Structure formats: structure tokens, C-alpha cells
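Please look at the sequence and the model before reading on.

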Amino acid sequence: MTTLSQLKQRIDQLIENQGEESPVAAFIYTKEDVVQYDDDFNEVEIEDDRIIEDVLYNVEDTDYIYTQIQDIIDDELKEVV
């Protein structure tokens, strides 16, 4: 799992290497995105940070997401190149 501070460092490094105007597609999930809903569809906050960390770690560690994104990039390149 990455913290916001670590993410900032990675972004700063990308800016240094690629420039501030370099295009990017990004999907960022934080603890505010790890929620559940009750039977009335009201958001129920998860208060245990360990649960949130486990969920976000598993999301980041899932190859499926990266495979899907690469498939979309490959499809888009076939159409424009």
C-alpha cells in the first residue's frame, strides 16, 4: 500500500522526469472510498484503519486492474496508430 506522502514523492519524480504538462490517467482510492452501505443505502463509515489498509493493499496488489488497463491501452493504440 502507498501513503499519500509516498504518492506525492512518486508524482514529484514523474514531473521531474516527464515535465509538468505530461499527460496522465490516474485512479486514486483513499480511505474515504472504502465504505459500506446499510439496507437503506446510507453510507456506513469503516472505523478500523487495519480493515481499510487491508482492503486498499489488496486493491493495489490486484493484477486484474493493471491487465484491464493495459488491454484498454492496447485497444486504443490499435485504433489511433
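Which residues lie nearest the centre of the largest pocket? They are Leu 7, Arg 10, Phe 27, Ile 28 and Tyr 29, among the 32 residues that line this pocket. The model is predicted: local features need pLDDT of at least 70 and side-chain atom pairs pLDDT 80 or more, while totals for chains, interfaces and linings use all residues. Residues are numbered from 1 along each chain as its sequence is written, and side-chain values use heavy atoms, without hydrogens and water.

The pocket holds about 1,300 Å³ of space. A pocket is an open set of points on a 1 Å grid where a 1.4 Å probe fits, with protein on both sides within 12 Å along at least five of seven lines; lining residues have an atom within 4 Å of a point. Helices H1 (4-18), H2 (49-60) and H3 (63-80) each give two or more residues to the lining, and H1 supplies the largest share, 7 residues. The table sorts the lining by class.

| Class | Lining residues |
|---|---|
| Nonpolar | 19 residues |
| Polar | 6 residues |

Nonpolar covers Ala, Val, Leu, Ile, Met, Phe, Trp, Tyr, Cys and Pro; charged covers Asp, Glu, Lys and Arg; the others, Gly among them, are polar.

The protein has 3 helices and 2 strands, in the order α-β-β-α-α from the N terminus. Helices (at least four residues, H or I) and strands (at least two, E) are DSSP runs. The C-alpha atoms fill a box of roughly 50 × 30 × 20 Å along the principal axes. Buried residues (under 20% relative accessible area, 1.4 Å probe) make up 5% of the 81 residues.

Terms used:
Grid points are joined across faces, edges and corners, and a volume is the space filled by probe spheres set on the points. Buried means under 20% relative accessible area, exposed over 50%, partly exposed in between (1.4 Å probe, protein chains only).
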